[in-house]
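I opened my notebook to record what I looked up in this structure, one topic at a time. The chain and its model come next.

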Amino acid sequence: MKHPREYRGHEVVIIGLARSGVAVAKLLHGAGAKVTVNDRKERTECPEAKELEALGLRVICGHHPTDLIHDGVKLVIKNPGIPYHIPPLQEAEKRGIEIVTEVEVAGHLLEVPIIGITGSNGKTTTTTLIYEILAASGLKPTTAGNIGRAMCELLMETEEDYSWVVAELSSFQLKGTFSFRPKIACLLNFSETHLDYHGTMEDYWTSKKKLFANQESSDYAVLNYDDPACRALAEEIAAETVFFSLIQELDYGVYVKDGMIVYRDQEGASEVIMPLGELGLPGSFNAENALAAAAAAILAGAPAEKIADTLRTFRGVPHRLEFVAEQGGVKYYNNSKATNASAAKKALEAFAEPVVLIAGGLDRGSDYMELVPIFRERVKALVLLGQTKEKLKRVGEQAGIPAIRLIEQGGKEEQIRKAVEAAAALAQPGDVVMLNPACASWDMFASFEERGRMFKESVHNLR
């Protein structure tokens, strides 16, 4: 897209209110564009509409007008979660009108360096870790993107307030970027997910790679050496590659050797950061997140001692392998953010104890058969709900799990309560009960946060 100031006097359409839509609408209106904001939700569900109209913006709620997109429109900005097949976006594509997300707009205007983090799993934990390390190091970071604030919201502050932007970026956000260029770009991993949105793994992968597309040799790409797709990406990009690995000693990057986290620089000099066993978060996937965060933080100027201090004391973020309570010798964990099979598998690998697993949710087309080995190894009983319960039942049967319960009746709060009660009845002292859905939440819940909150409430209400 052009620089935002070049849309002065021109028509811009923003589809989807929410946080990012409101932020970019205000920004482009302030730059002199003629902004129309459209949301399919009814006006009663769009509390932001009144504020935008008071500023002089045109807001249309409740439907997508057939004349919303016309040849006078110069740019369309979409909420990341809105699919590209809806009529206004199809019409924009037919007319050759550029469609972007607000990340693209912010990228033109932010003047401080950006650390962009993406991956199929672990984005929020890694983003938060990097932020905490940089904050402990006095490097004045702020977070944005798919975590906390929209990136355009940062432009309403003074840039003296922060020196680094640490941005969690989803494939939905990145698909709508064309010139976005982070100083440090990090790809944590890559696995099958979001096929309902992207349609193909190729489109999903292409969207992820956009994080690196505009980087130059003076920029950095932090890549997971242990993930074949991430490792191969190094051959395609211009940025200086810094790998991280749990299993391979690296010529340059952050790795584990003899139980220690080590950083080796380009000249071959090595520095021990800390023992791997002292990480504050359990699980090999969190160890990978920690290595990625350490690599990005080092490149941003954080010292090893601050990295070690943060990695020791960090206890995670809600809904990511979050310890909830211990009841009758059974430990309960909330991993509602496990919205795909790969994330669910990694969470199960974090426990040696037998697991009573609560799973199921939105059906995105996967058969979940990749979970058979880990189910066979770690899961003693299954409690299933949501659109995918029958699919996951077949996985459980294939894995030879003897106890499988399906929750079929009631509203969302009742079903979560019944699932927790069923899991508690199947668990014995020394077991783990875990909400680890392997699916998105939108078949029943407004968000994974709502799902996790209801799970925690049900655990605390057990008798």
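Before asking what covers what, I noted that contact means heavy atoms within 4.5 Å. I am working from a predicted model, in which local features need pLDDT of at least 70 and side-chain atom pairs count only at pLDDT 80 or more, while totals for chains, interfaces and linings use all residues. Residues are numbered from 1 along each chain as its sequence is written, and side-chain values use heavy atoms, with hydrogens and water left out.

Entry on helix α12. I took helices (H or I, at least four residues) and strands (E, at least two) as DSSP runs, numbered from the N terminus. Buried means under 20% relative accessible area, exposed over 50%, and partly exposed in between, with a 1.4 Å probe and protein chains only. With that, I found helix α12, residues 341-349, to be mostly covered, since seven of its nine residues are buried. Among them are K346 and L348. The elements that cover these buried residues include α10 (284-299), β17, α13, β18 and β20 (432-435).

Entry on strand β18. I then turned to β18, residues 379-384, where five of the six residues are buried. Two strands pair if DSSP finds at least two bridges between them. Strand β17 (residues 355-359) runs parallel to β18 and is joined to it by five bridges, and V356 has A381 as its bridge partner in β18. On the other pairing I looked up, four bridges join β18 to the parallel strand β19, residues 403-406, with L384 partnered by L406. From β18 the chain crosses through helix α14 (residues 389-398) to β19, and this β-α-β crossover is right-handed, meaning that with the strands pointing away from the viewer, the path from the first strand over the helix to the second runs clockwise.

Entry on cysteines. How many disulfides are there? Taking a disulfide as a pair of cysteine sulfur atoms within 2.5 Å, I count zero. The sulfur of C46 has its closest cysteine sulfur in C61, but at 3.8 Å this is too far for a bond. For C186, the closest cysteine sulfur is in C230, 8.7 Å away, again too far.
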